[in-house]
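Please work through each task before reading its solution.

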Amino acid sequence: MFDILPCLAYTQGMRYKLALSDFDGTLLRRDDTISPRTVRAIAGYTAAGGTFCVSTGRAFSSIAQRLNELGLGDCVVMSCQGALFKRSSGETLKVVPMDREGAVAFLRKAEALDLPCQFYTEDEIYAPYVNERNEEYFRMNRLTPVLTDNVSQFASTCNMPILKTLAVIPPERREELLAAFSGIAEIKVFASHPMLLEAVSTDAGKGNGLKHACAYLGISPHECVAFGDEQNDVEMLLAADLGVAVANAVTEAKQAAGLITDDCDDDGVAKVLEKITASEL
């Protein structure tokens, strides 16, 4: 558990005191940049007393490299699909490990289906190889994995908590593979990208991450807005008082949202934050 951190600086008129946003496909544009308008909108929102948090599937070591681009100083960061809750300084606030048998079962299934797979601890990512099938993932995330020949075997015997597992999939097999992996006990499985299938503890996920953030910050979920674009964002969009999907979001995210904003390439998050800061939403 962690001590509740009271938030005292809010203006009277702003309805949403906490904003949680997915990163890839939501804040991040397709050209791997963040727009100046988004940076200004976040700065205006926090200057008005709001708290802005990033909630991402990325490893903490990956998202930590991008926080300065958002103009964020010391802040709360949820990584590994809500399984790791840290401050940007590196202070660990909460860890939600997977059931080891469930994690290993996911990895073994991926290996049996000849899918590149990997698992995440708090500090490292373990993968069997880097080649043309998964190198783009590591390049985009600015990560170098620890290589181990048999990932599932290593996962079964290592003494480190496993936070997340991931498989790189052919996008045309997404629904088929979601169904194939969904029967594994003690884990939740979802898509985070057309080519990525991920799993975490049933106690993790972005929806539970939102609840942890609210508890830590002393803010009600009814004072929270969340932004997302993918299937892994759905429970976060539903947990917030206002869930916002960008126009490029998948159907599941749009159906879960109370509001659909513009595309990630057209400052969708910024436009909503500006309205919240001006007490127009």
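**Exercise 1.** In which sense do strand 1 (residues 18–21) and strand 12 (residues 224–228) pair, and over how many bridges?

*Solution.* The model is predicted: local features require pLDDT of at least 70, side-chain atom pairs count only at pLDDT 80 or more, and totals for chains, interfaces and linings use all residues. Residues are numbered from 1 along each chain as its sequence is written, and side-chain values use heavy atoms, without hydrogens and water. Strands are DSSP runs (E, at least two residues), as are helices (H or I, at least four), numbered from the N terminus; two strands pair if DSSP finds at least two bridges between them. Strand 1 and strand 12 are parallel, with four bridges. Within this pair, Leu-20 lies opposite Ala-226 of strand 12.

**Exercise 2.** Determine the partners of strand 3 (residues 76–79) and the burial of its residues.

*Solution.* Step one: strand 2 (residues 51–55) runs parallel to strand 3, joined by two bridges, and Ser-55 has Met-78 as its bridge partner. Step two: strand 4 (residues 84–87) is antiparallel to strand 3 over four bridges; here Met-78 is partnered by Phe-85. Step three: Val-76 and Met-78 point one way, Val-77 and Ser-79 the other, and all are buried (under 20% relative accessible area, 1.4 Å probe, protein chains only).

**Exercise 3.** Which strands stand at the edges of the sheet?

*Solution.* Eight strands form an open, mixed sheet in the order 5-4-3-2-1-12-13-14. Strand 5 (92–95) and strand 14 (259–260) are at the edges; each has a single partner strand, so one side of each lacks a neighbour in the sheet.

Notes. Buried < 20%, exposed > 50% of the residue type's maximum accessible area, 1.4 Å probe, protein only.
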